[in-house]
Amino acid sequence: MNLSLSDEQELLREAARGALSRHETVSAARDALEGAALPDLWPMAVEAGWPGLLVGEERGGAALAPFDAMLVMVECGRVLAGVPLLGHLPAAWLLDRGGWDGVEAVASGERRAAIVPAQPPGDLDPGWTWDPERGKARVPAGGETAHWVVDAPGADVLVVVGADGAVSVVEGATVQAVTRYDATRGLGHVTLDGAGTPLDVSAQDAASAWYLAQALLAAESVGAVETCLEMAVQYAKERFTFGRAIGSYQAVKHQLVEVLRLLENSRSLLYYAGWAGESGPDELPLAASAARSVAGRALDAATRINISVHGGIGATWEHDAPLFFRRAQLSRRLVGGTGGATDRVAGELLAAA
Amino acid sequence: MDLNDTPEQAEYRARVRAWLEEHRDEAPPDRPPDGDEDAYLAARRAWQGKLAEAGLAGVVWPKEVGGQGLGPIEQVTVNQEISAAGVPGILDVIGVGMLGPTIIAHGSDEQKARYLGPMLHADEVWCQLFSEPAAGSDLAGIQSRAKLGEDGSWTLNGQKVWTTNAHFASYGLLLARTDPDVPKHKGLTMFVVPMDAPGVTVRGLRQISGEAEFNEVFFDDVRLDADAVVGGVGNGWGTALTTLMYERLTIGLGSEGLGYSAERFTQPIAADPEARGNAEVRKRLGELGADFIALRFTGYRTLTALASGQIPGPESALAKVTTVNAAVAGTDLIADVIGPEALDESSEWAYAISFLPGLKSAGGTEEILRNTVGERVLGLPPEPRLDKGIPFSELRAKEREATA
């Protein structure tokens, strides 16, 4: 039994934090809401080797495990960095699994990939689903539009999960870029005309890619929760009312501890998802869904409590707290939604009972 | 990240498993059969004795006091294997898990020689005499009073409450006030109290379920010898903190030991086709199930910290909060699904439903735990206190004045 981070993992995390700290990502998130272009963080990601984290070494990747990628996502989430890894990493992983010809360029980051994912069958629903309008329950097939595809704008290669978990590679698809509430998140509506090249992976691989995306989103959420908790705790120590710091009042203190409790539960589940992603594939659906579910709840609580602990100032345009709130609102509705992940936890438990 | 045993741990696990396999038939049934409580307790004592002889009790106790001198990982391994074998563990979890370690840390050589062996083998079961009717969260506010006589002996008066196992315990570890004229944390002393001493009265305390798993204990002019003091006169608070640290550890490592898990709450829903397809039921099950799964890995994280020599901090208290609240959510969901049948007094669900409201306060109330974590982990300032630096006797007078 050993859940401590390896030296390499500590280094990966520190390097990610260091690289991201050289960019004003949080103020860029606010400026982007008013139409400014987001800083292009892809060159930084390429230099750090993130695009190839989950690609084999013989194809130019780092051959690391999902948990390592999750550590990077935590750091991105901490500073609201719009690095398009959520779409790219599961896509690159599938391309590598399928022995796709151009995977070296994807691993190096020279070309960017994005997954158009679909939710694998559950205990009640035998089909692969993802709804075109709401981001849930679409019946994936060619010849239609996939909505709310994360990191699709600017992607050179789309990895599309279709009916029965069949996966195809689409280059040059029409992507309509959309911004929705959180301007840091690349989002697009993708027109699929059925002209993809089949990728030689199993439906099991396609399912793993879905759960990998759940785990990455959970990790990114954990990072945002960490920052919100730090901000709120700091303020609760500095802001005085009735002669004492507001953090001394139990009404405030207990809310902050509640955020910590949700954060610690989320962190524990990141370990589970990371372990399952590397060593326990049978448990990945449960582990990744549980991580997404609890981290989604933590994100909601942390971003709201951060605003309320700050009082009125926390609800103003100039403050950083609303940027994290915006992140939470959109994140909780993407890739099947937090609610979908929670339902999947129940489904996995029921199927195993 | 590795969830597997090291080769040494695997070898240890195999040895534990082999012993349990060989002696499984000697174990008493886990639940008391209707009626003969004495016979059941005798069987549980005998079983703890066998576990102790096999080195499966007092795993983390030092070798020189009869323990195995091993670490928490081995303790958890033993817990897991005992659970997997379907046999009961030791009877005196409080003694061996919390009070023994306190005596090991603070007791005299004579006390260690006299008490630890019989405790480990369940020849003498122990109880913890800390909480009082007017002092639970504010434990240092206890009023049980031990007065020093001219011959060096002590006379004890007062009342304790929520005392598990007091009705068959041989000894209790008791926190008493020995000096009311100093601030409240300073005038406390820890004692060993023989439960059969004249003046000790134990009364069962019935809970919501109707069962009496706790007791009230009354002390009327109970005489204690000078050598009953553990850890020195006036050092009772520091001694008590050791016990509380081990209590936290016992609770932190044992959320599944309480019998609550995602699987347990899933079973009745899986058996009900209508419920398992119901969106609201699934949402509630998914949320509480995810919480229980998180707890399992929080336990692994705690073990990782312990294995690298760190003592788990107050944050493990959060695991208790999650356990209780997820279990409340689980029993509530099951009652909604099963209906009034779940409230049949003899059902496991009615028992859990009755047990959980009290568990919210047991081992530290949720409010106190949140204060502790907020202050020690997040570094938030404490609430202003009105009892700092004031002699206990003066404080009591003020309290009486305020409520008069």
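This briefing walks through a predicted model with a chain A and a chain B.

- Let's begin with area: about 4300 Å² is buried between chain A and chain B, and carbon and sulfur atoms give 65% of that.
- One to look up is E258(A) with R370(B), a salt bridge whose closest N and O atoms are 2.9 Å apart.
- Polar contacts turn up as well: 19 residue pairs make them across the interface of chain A and chain B, with both residues at pLDDT 80 or more.

**Salt bridges, here and elsewhere**

- Searching the whole structure, over all chains, gives 45 salt bridges.
- In chain B, D5(B) pairs with R13(B), and their closest N and O atoms are 2.6 Å apart.
- Are these two partners buried or exposed, or partly so? D5(B) has a relative accessible area of 25%, so it counts as partly exposed, while R13(B) is at 15% and therefore counts as buried, the limit being under 20%.
- Another pair in chain B is R223(B) and D151(B), whose side chains meet at 3.4 Å, N to O.
- This pair ties together distant parts of the chain, 72 residues apart: R223(B) sits in strand β7 (residues 214-224), and D151(B) in the loop between β2 (145-148) and β3 (154-161) of chain B.
- D151(B) has a relative accessible area of 56%, which is over 50%, so it is exposed.
- D336(B) and R284(B) also join up in a salt bridge, at 2.9 Å from N to O.
- Here, too, distant parts of the chain are linked, 52 residues apart, with D336(B) in helix α10 (residues 316-338) and R284(B) in helix α9 (residues 279-307) of chain B.
- R284(B) is partly exposed, because its relative accessibility is 22%.
- Some salt bridges share partners, and in that way R78(A), E226(A), E230(A), E264(A), R267(A) and R301(B) are joined into one network.

**A helix in chain A**

- Helix α2 of chain A covers residues 25-33, and its buried residues are T25(A), V26(A), A28(A), A29(A), R30(A) and A32(A).
- What do those buried residues of α2(A) pack against? Their partner is α10 (321-331) of chain A.
- Just after α2(A) you'll find G35(A), which takes a positive phi of about 100 degrees.

**The domains of chain B**

- Chain B splits into domain 1 (7-91), domain 2 (126-234) and domain 3 (258-376).
- Between the C-alpha centres of domain 1 and domain 3 of chain B there are 25 Å.

- H121(B) belongs to the loop between α5 (109-120) and β1 (126-129) of chain B.
- With a relative accessibility of 26%, H121(B) is partly exposed, because that value falls between the 20% and 50% limits.
- Leaving aside residues up to four places away in sequence, H121(B) touches R45(B), Q48(B), G49(B), A52(B) and E53(B).
- The side chain of H121(B) also reaches the backbone oxygen of G117(B), at 3.0 Å.
- L91(B) is 30 residues from H121(B) along the chain, and their C-alpha atoms are separated by 9.7 Å.
- Over in chain A, Q234(A) is part of helix α7.
- Q234(A) is partly exposed, because its relative accessible area is 42%.

Technical notes:
Residues are numbered from 1 along each chain as its sequence is written. Chains are lettered from A and ligands numbered from 1 in the order in which they are written. This is a predicted model: local features need pLDDT of at least 70, side-chain atom pairs count only at pLDDT 80 or more; totals for chains, interfaces and linings use all residues. Side-chain values use heavy atoms; hydrogens and water are left out. Buried area is the accessible area (1.4 Å probe) that two parts lose on being put together, summed over both. A salt bridge is a side-chain nitrogen of Lys or Arg within 4 Å of a carboxyl oxygen of Asp or Glu. A polar contact is a pair of N or O atoms within 3.5 Å; within protein, one must be able to donate a hydrogen and the other to accept it, and residues adjacent in sequence count only if both atoms are side-chain atoms. Buried means under 20% relative accessible area, exposed over 50%, partly exposed in between (1.4 Å probe, protein chains only). Helices (H or I, at least four residues) and strands (E, at least two) are DSSP runs, numbered from the N terminus. Contact means heavy atoms within 4.5 Å. Domain bounds come from an automatic or database domain assignment.
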